[in-house]
Amino acid sequence: MNTLTTNDDLNLEAMGRMQSWAARNPALLAQEVAEMAAHFPHWQPAVYSKSGLLTCECGSPLTFSGAKAGGPRCVGCGGTRLLESTLKAQLAWVGYLPTLLSARLAHTISARLHPSHELITVSGKQWLLAPVLLRYADDWPDTAPTVQYDCHLLPMLGLRLGADIHTIVDNQLCLYAGNWRAVTARVVIQQRVVNHLAALMRIADGTPSEQAFIGPAHNYNTANDYWDYR
C-alpha cells in the first residue's frame with residue numbers, strides 16, 4: 001500500500017455501484033464515509049476483487065475522488081473503470097494504523113522493516129505504521145467485514161499465522177469469534193483492529209499470546225468491555 005492522502009470529493013454514487021448493500025442503502029454508505037472521514041481521514045476507499053485491490057486496465061490505482069457516477073477513476077489515465085459483474089467486487093478501505101513499540105521491538109523491526117511499513121518517532125517514542133485493508137461483506141452490515149494485514153507484517157514481527165495470534169489465511173484477523181453485532185467500519189477499526197495490532201506487538205515483545213489478547217472476546221472475565229461503547 002502506498003501513502004494515502006485525504007479525499008474531500010468522494011463520489012458516493014460511484015461507490016454505491018460497487019456493491020449491492022451500498023446500492024440498497026445509500027444512507028448507510030454515506031454514514032460509513034462520513035465516519036471514516038472524521039476518524040480516519042487519510043484512509044481511502046478502494047475496490048477489492050478476488051485476491052487484491054482492483055486497478056485500472058493500464059495498471060494504475062483507482063480512486064473515488066473526483067470520479068464519475070459510472071465507477072472509480074484511474075489516477076493514471078483518468079478514465080472510468082466500469083466493473084463487470086463477474087468481478088464480484090467489494091468496497092474496501094485501506095490505510096495505516098499506528099501502534100506503539102517498545103525500544104527493544106523497535107530495534108528488531110528496524111532491522112527487518114519492509115517498505116510497505118513505516119517507522120516514525122513522536123516525542124521520543126517509536127511507532128509502527130502498519131497497512132490494513134478492510135472490506136465489506138456482501139450483506140453488510142449483517143455480516144462482519146474482512147480485515148487483513150499486509151503480508152509482510154507477521155514476518156517482520158517474527159510471528160506466524162495461527163489461532164494463537166487470532167489470524168487465518170491471507171493475513172485475515174479473527175475479530176469477533178461469531179459474536180458480530182452490526183457496527184460501522186470505523187467502530188470495527190477503533191474497537192477491534194487497534195487492539196488486535198497492539199496485542200501482536202506484545203506477543204512479538206515476549207508476552208504469551210493468552211496474556212496479550214485480553215477482554216471478554218478472549219474469555220477473560222473483565223468488568224469493562226473496552227471493545228464496546230456504552
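Predicted model: local features only at pLDDT ≥ 70, side-chain atom pairs only at ≥ 80, totals over all residues.
Residues are numbered from 1 along each chain as its sequence is written, and side-chain values use heavy atoms, with hydrogens and water left out.

Stay with α3. Its buried residues (under 20% relative accessible area; partly exposed lies in between) are Leu28, Leu29, Glu32, Val33, Glu35 and Met36. They cover an arc of only 165° around the axis, which puts them on the same side of α3. The arc is that of the directions from the helix axis to the C-beta atoms. An α-helix has 3.6 residues a turn, so residues three or four places apart point the same way. The cover over the buried residues of α3 includes α1 (12-16), α2 (20-24), β5 (90-100) and α6 (185-204). Contact here means heavy atoms within 4.5 Å.

The length of α3 also checks out. Helix α3 runs over residues 26-39, and at 1.5 Å a residue its 14 residues should span 20 Å; the end C-alpha atoms are 20 Å apart, which agrees. The expected span is 1.5 Å times one less than the number of residues.

Helix α4 (residues 103-112) can be read in a similar way. Leu105, Ala106 and Ile109 are buried there. They cover an arc of only 100° around the axis, which puts them on the same side of α4. Ala103, Arg104, His107 and Ala111 are exposed on the other side. Among the elements covering the buried residues of α4 are β6 (118-122), β7 (125-135), α5 (153-157) and α6.

Now the whole chain. Its secondary structure comes to 7 helices and 10 strands. Helices (H or I, at least four residues) and strands (E, at least two) are DSSP runs, numbered from the N terminus. Of the 230 residues in the protein chain, 47% are buried. Take the contacts between residues at least 6 apart in sequence: 63% of them join residues at least 24 apart.

Next, the second largest pocket. Its space is about 240 Å³. A pocket is an open set of points on a 1 Å grid over the protein atoms alone, with protein on both sides within 12 Å along at least five of seven lines; a 1.4 Å probe is used, and lining residues have an atom within 4 Å of a point. The lining of this pocket holds 12 residues, and Tyr48, Ser51, Leu133, Gln148 and Tyr149 lie nearest its centre. Strands β2 (52-53) and β8 (146-149) are the elements that give two or more residues to that lining. The lining divides into 6 nonpolar, 4 polar and 2 charged residues.

The loops hold some backbone details. A cis peptide bond, with omega about 5°, joins Trp140 and Pro141. Pro141 sits in the loop between β7 and β8. His166, in the loop between α5 and β9 (167-168), has phi near 55°, a positive value in a residue other than glycine. Asn171 lies in the loop between β9 and β10 (172-173). Its phi is near 60°, again positive in a residue other than glycine. Asn171 is buried, with a relative accessible area of 13%.

Lys88 belongs to the loop between β4 (71-74) and β5. At 70% relative accessibility, Lys88 counts as exposed. Lys88 and Lys50 are 38 residues apart in sequence and 7.3 Å apart in space, C-alpha to C-alpha.

Note on methods. Points joined across faces, edges and corners; volume = space filled by probe spheres on them. Nonpolar A, V, L, I, M, F, W, Y, C, P; charged D, E, K, R; others polar. Buried < 20%, exposed > 50% of the residue type's maximum accessible area, 1.4 Å probe, protein only.
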